[in-house]
Amino acid sequence: MKKRILVVVLSLIMAFTLAACGGGSAEPEININPEPAGEPVEGGEITVGVTADLDSSLDPHVSSSSAGTREILFNVYEGLVKPDSEGNLNPAIAESYSVNDTADEYTFVLRDGVKFHNGNDVTIDDVVYSLSRAAGLETGEPLVADVAGIASVEAIGDKEVVVKLKAPDTEFLAHITTAIIPKDIDPEKEVVGTGPFKFTERKVQESITLEKFGEYWGEKPYLDKVTLKVIDNAETLVMSLKSGAIDMATHLVFSQVKELSGLNIYEGASNAVQGLYLNNAVKPLDDPLVRQALSYAIDKQAIVDLAFDGHGTLVGSSMFPALKKYFVDELTNYYTPDAAKAKELLKEAGYENGFDLEITVPSNMQQHVDTAQVIVEQLQAVGINATINQVEWNTWLEDVYRGRKYQSTIVSFDAHGVAASDMLARFQSDNGKNISNFASEAYDKAYKAAVSTTDDAAQTEAFKECEKILTEEAANVYIQDVASFVAMGGDFYGYEFYPLYVADFSKIFKIAE
Amino acid sequence: MIKGMNSHFKIGAVITCIMLVIIIVGMFWTPYDPNQMSGSEKMQGPSLQHLFGTDNFGRDIFSRVVQGAGATFMIAFATVAIGLTVGILIGLFTGYFGGWLDEILMRINDSILAFPSILLALVLIAIFGGGKYNIILALGILFIPSFARLVRSEVARQKNMDYVRNAKLMGVGTMRLLFVHILPNIVPVLLSAIAIGFNNAVLAEASMSFLGVGVQPPDPSLGRMLNEAQTYLMSAPWYAMSAGIAIILLVLGFGLIGEGLGGERNG
Amino acid sequence: MKYVLKKTGILIVTLILISLLAFLAFQIIPGDPVTKILGTDYTPERAAQLREQLGLNGNVFLRYFRWLKGLVTGDPGISYSYFMPVKDVLKGKISLTATLSLLSWIIVTLISIPLGIIMVRYQNETFRRISVAFNQIFMAIPPFFLGMLLAYLFGLVLKLFTPGVYVPLSQDFGKGLVYLLFPALAISLPKAAKVAKLLHASIQDEMNKDYVRTAYSRGNSRWAVIRVHVLRNALLPTITYIAMTLADIVAGSIVVEQVFALPGLGRLLITSIGNRDFPVAECIVVIIAFVVVFMNYLADIVTQYVDPRVRLG
């Protein structure tokens, strides 16, 4: 009798296993960048899964805001000018602008009939208030680093505003996308902008609701409502997409997309540089030889192949290919994967037997967790014992981004605007966001030269010089511009990629059934 | 108590032995390196080359399940060892001496037992941080009260028995009395508690790793694998199934042994 | 009455101990919440103001009593991550976890008692063996694995529900219940198997007692004896046990919420621990522990009321 129970138990297990194996694996069909199968209709609601709750403060001028928050707030707040999906800067709240010959004085003319979400008109006072606040003109501490170069903001009449800069800056227009907010509300408590969507509700760790702003000055969005649902677990995100619990998710990787046959998939670049960012201030990473050894040990192409099924563009410095003017392709293969060379460099640096390396990774970002797993394997081959430390996003911000208490981390850095300085400013030795603690006099000099000249060609050259220094010094291991996939359920189409880290919901539409 | 083992115990012992053999062999040899990635062999179904197929990095799932089961088992083992050792010490002394210290310790004990285990483990993880060793520590602490309670009640029962009185009359020291005379007599009761403890520890470790606070990637653990497999449930169900069934077998084996031992005593 | 008083005394001591342990546990974690909220550069005035606001002044015991008072009066502090009252962060999440646990609990009862009885009712050997084997396997399935299987089978393949969607009961009772049903099943099936087994064992224990033999000797059939005499006595310990499974059910819901992407206390707890938002984590821990301890207390009292033979054992 006992044997029979055993037989029953074992046969049940067999049944389970067989049922599992019977699933089969036909190659899934994936529609990448599909043509809409019908005419767009006005209205409709979309539920979007986001892998981290937005920052606790939705103040658009808060400097430490995360990319995930900024990409959503893009729909809510606008600046004097606004980037489009081609990378152009178009007048937005300003109707037109002019710049003087020395590039240190910009004049903006306010557009008529722009309204805030609370129904009030945007006045010149609001503009002056917003820019002064962001630039910290009264407190002396700029809230938004992009506009730290502003010396004064002055209204001329009730239509024009003159912005004077401390030093010439030909890229300033890319920075003046800073949000314009009403002067009489507290942006920490209320979210009032001028964008195509207005913010209506927030449930902590659960959801954020945006609704169409009927009085938007520009082209109005198709959708009536966008609900962002917080799903801080990559696995449940895919399940929710498949089940239809959410209609859309951004920043997916190909292995996730492969599971989503039947959905509309959009592929684009994430326009950010994914890297193994190193804390140059801690041992043994303070030694350039060690950093170079890491660069030789890591096979970028293998990462892209193993973790991203070949989707992604390799980079060699802190610049992504979409910023064509500044991208230096020769740096991409500056370090060709070479384990022997890496070992040699380690030996030279005195780490013949390798060392322990902790890689801190935000746990909600599947692409970085996957990359970390491949890197651990690659480093093993040269004797470096790497371990992964997964942390929640807020903890990452606290420990790594603000506290710089880490050894190495894998993330992507994006550009706030379409300016080269956005990708390079952070590596100046005294920059507040220099999480690598990179310190190079040559770099600081080259960067200063770049931002202080008004000669376009000389500036581009100087920026390229900066990139070259980063690569040669192996400040960090720059890996790739991760291919970014957006999945949208059945009837939704129209996603557009920007050369920036934004998710524009205003172009998304539903088709007639 | 060895005579007339019931069927529960036997089946449990068979399952556990098979699993243990696989785990022990897996410590020295697996068909593939569990962390070896292969771009050309991603997400393959079960085949003769890869018994349980491959995962999204082209790693051999069978090798990973074997190593993951090993990791889970080692964590469970260490956890039970900590809980048992400290639990026995606390239980022996409080049970034997009684008094206010006993009263206080047992109150704390009961308060800890009142917490759902995962909840307490998460609190301890908040204090120590995640990772393999901290999981062992957290779960180990978690397991102390149940062992302490059991030992205490057994000691309290035994201390009035004749053999203890006789030993005392013969002038046996307290330490010797506790560890040499009383302790062996409560071992039979402890055995079933140990098996149940293993059962709970395996489940707890799997849950914690599933939640992402246990074993860190790329090291395999059954709970982690289940978590990762969730994405591929539709296209690669074998991934989740192999990890899930391995957990079930471990839990089932220890559960049956525990019941077999307990059932023997009661009935 | 004396029993109730004694139990109530123990309850109060336990609750105080739990709150103290939970509070102290989060106090020993290094790190200054002020730095966490303000970043690295801030003025001393701002820091002092924030310290006051968060109730971080005074020694540990002063802080504990302030916190306990806040907890009792419904104001358990301010979240570090969101900088808003903890009770606003918890809004809506408590009701979800409570509903899920309650539903699971009902399912455990509804499944386990009939199952336990059926297992003794039918004496067919094969049936008994199959049911025992099934029972054992179900007891060994981790709730999160069962949850994945249910989500896969009923959600993605059969499309009976949409995993990842949650409709609050207050919004649409019927729909809300359907969406919670599968997570609840994932939590309760393993538990129900265990309870059924317990009931089965307890009935068999009773069957060996003298009064059962007497009943047989009067010419009653086996089923009549079970129904009239045995069941009443056997059900009592089972019901007490069901009351005590609440702790496991809540523990199960913490993990299962993650599988089904339900925005409940469990998921909030895990994120707030990861985010080091301790006021929130602390509050959730205490709420759950309080409920569990209180339910156990009720179970004790009720059992004693129903069956006065049960004394402090």
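Q: In this predicted model, at what angle do α7 and α9 of chain C pack, and how far apart are their axes?
A: In the predicted model, helix α7 (residues 125-140) of chain C packs on helix α9 (residues 173-207) of chain C at an angle of about 135 degrees, and their axes are 7 Å apart. That angle is why α7(C) is described as oblique to α9(C).

Q: And which hand does the crossing of α7(C) and α9(C) have, left or right?
A: The crossing of α7(C) and α9(C) is left-handed.

Q: Which residues meet there, between α7(C) and α9(C)?
A: From α7(C) come C:N135, C:F138 and C:M139, and on the α9(C) side they meet C:L189, C:P190, C:A193, C:K194, C:A196 and C:K197. Taken by class, the residues of this contact of α7(C) with α9(C) are six nonpolar, one polar and two charged.

Q: What about α6(C) and α9(C), at what angle do they pack?
A: The angle between α6(C) and α9(C) is about 35 degrees, with the axes 6 Å apart, and the crossing of α6(C) and α9(C) is right-handed. The contact of α6(C) with α9(C) draws on 19 nonpolar residues, six polar ones and one charged.

Q: Where in chain C is the confidence lowest, and where is it highest?
A: Within chain C, confidence is lowest in helix α2 (residues 33-38), where the mean is 71, and highest in helix α6 (residues 93-121), where it is 90. For chain C as a whole the mean pLDDT is 84, and 96% of its residues reach 70 or more.

Q: Switching to chain B, how many helices and strands does its secondary structure come to?
A: The secondary structure of chain B consists of nine helices and zero strands, and its C-alpha atoms fill a box of roughly 75 × 45 × 30 Å along the principal axes.

Q: Which elements of chain B have the lowest and highest mean pLDDT?
A: Among the elements of chain B, the lowest mean pLDDT, 80, belongs to α3(B), and the highest, 92, to helix α2 (residues 61-97) of chain B. The mean pLDDT of chain B is 85, with 96% of its residues at 70 or more, while the model scores ipTM 0.87 and pTM 0.85.

Q: How do the axes of α4(B) and α5(B) cross?
A: The axes of α4(B) and helix α5 (residues 132-158) of chain B come within 9 Å and cross at roughly 135 degrees, which means that α4(B) is oblique to α5(B). The crossing of α4(B) and α5(B) is right-handed.

Q: Which residues of α4(B) and α5(B) meet?
A: On α4(B) they are B:S117, B:L120, B:A121, B:L124, B:I125 and B:F128, which meet B:N134, B:L137, B:A138, B:L139, B:I141 and B:L142 of α5(B). By class, that contact of α4(B) with α5(B) has 10 nonpolar residues, two polar and no charged.

Q: How many residues of chain B are in contact with chain C?
A: There are 32 residues of chain B in contact with 36 residues of chain C. On the chain B side, the elements that give two or more residues are α3 (99-114), α4 (117-128), α7 (174-210) and α9 (237-266). The residues on that side of chain B divide into 24 nonpolar, six polar and two charged.

Q: Now chain A, what domains is it divided into?
A: Chain A is divided into domain 1 (32-49 + 192-268 + 484-511), domain 2 (77-175) and domain 3 (272-482). The centres of domain 1 and domain 3 of chain A, taken over C-alpha atoms, are separated by 31 Å, and their contact takes 10 residues from domain 1 of chain A and 13 residues from domain 3 of chain A.

Q: Which helix gives the most to the side of domain 1 of chain A that touches domain 3?
A: Helix α6 (residues 254-257) of chain A gives the most, with three residues. The side of domain 1 of chain A that touches domain 3 of chain A has six nonpolar, three polar and one charged residues.

Q: Where in chain A are A:P284 and A:N271 found?
A: A:P284 is in the loop between β15 (272-278) and α7 (288-297) of chain A, and the peptide bond from A:K283 to A:P284 is cis, with omega near -5 degrees. A:N271 lies in the loop between β14 (264-269) and β15 of chain A, and has a positive phi of about 55 degrees although it is not a glycine. For context, most residues other than glycine have a negative phi, and most peptide bonds are trans.

Methods. Residues are numbered from 1 along each chain as its sequence is written. Chains are lettered from A and ligands numbered from 1 in the order in which they are written. This is a predicted model: local features need pLDDT of at least 70, side-chain atom pairs count only at pLDDT 80 or more; totals for chains, interfaces and linings use all residues. Axes are lines fitted to C-alpha atoms, for helices over the stretch in contact, and angles run from 0 to 180 degrees between N-to-C directions. Helices (H or I, at least four residues) and strands (E, at least two) are DSSP runs, numbered from the N terminus. Angles under 35 degrees count as roughly parallel, over 145 as roughly antiparallel, 65 to 115 as roughly perpendicular and the rest as oblique. A crossing is left-handed if the near helix is turned anticlockwise from the far one by less than a right angle, and right-handed if clockwise. Two residues are in contact if their C-beta atoms, placed from the backbone, lie within 7 Å. Ala, Val, Leu, Ile, Met, Phe, Trp, Tyr, Cys and Pro count as nonpolar, Asp, Glu, Lys and Arg as charged, and the others, Gly among them, as polar. pLDDT is the predictor's confidence in each residue, from 0 to 100. Domain bounds come from an automatic or database domain assignment.
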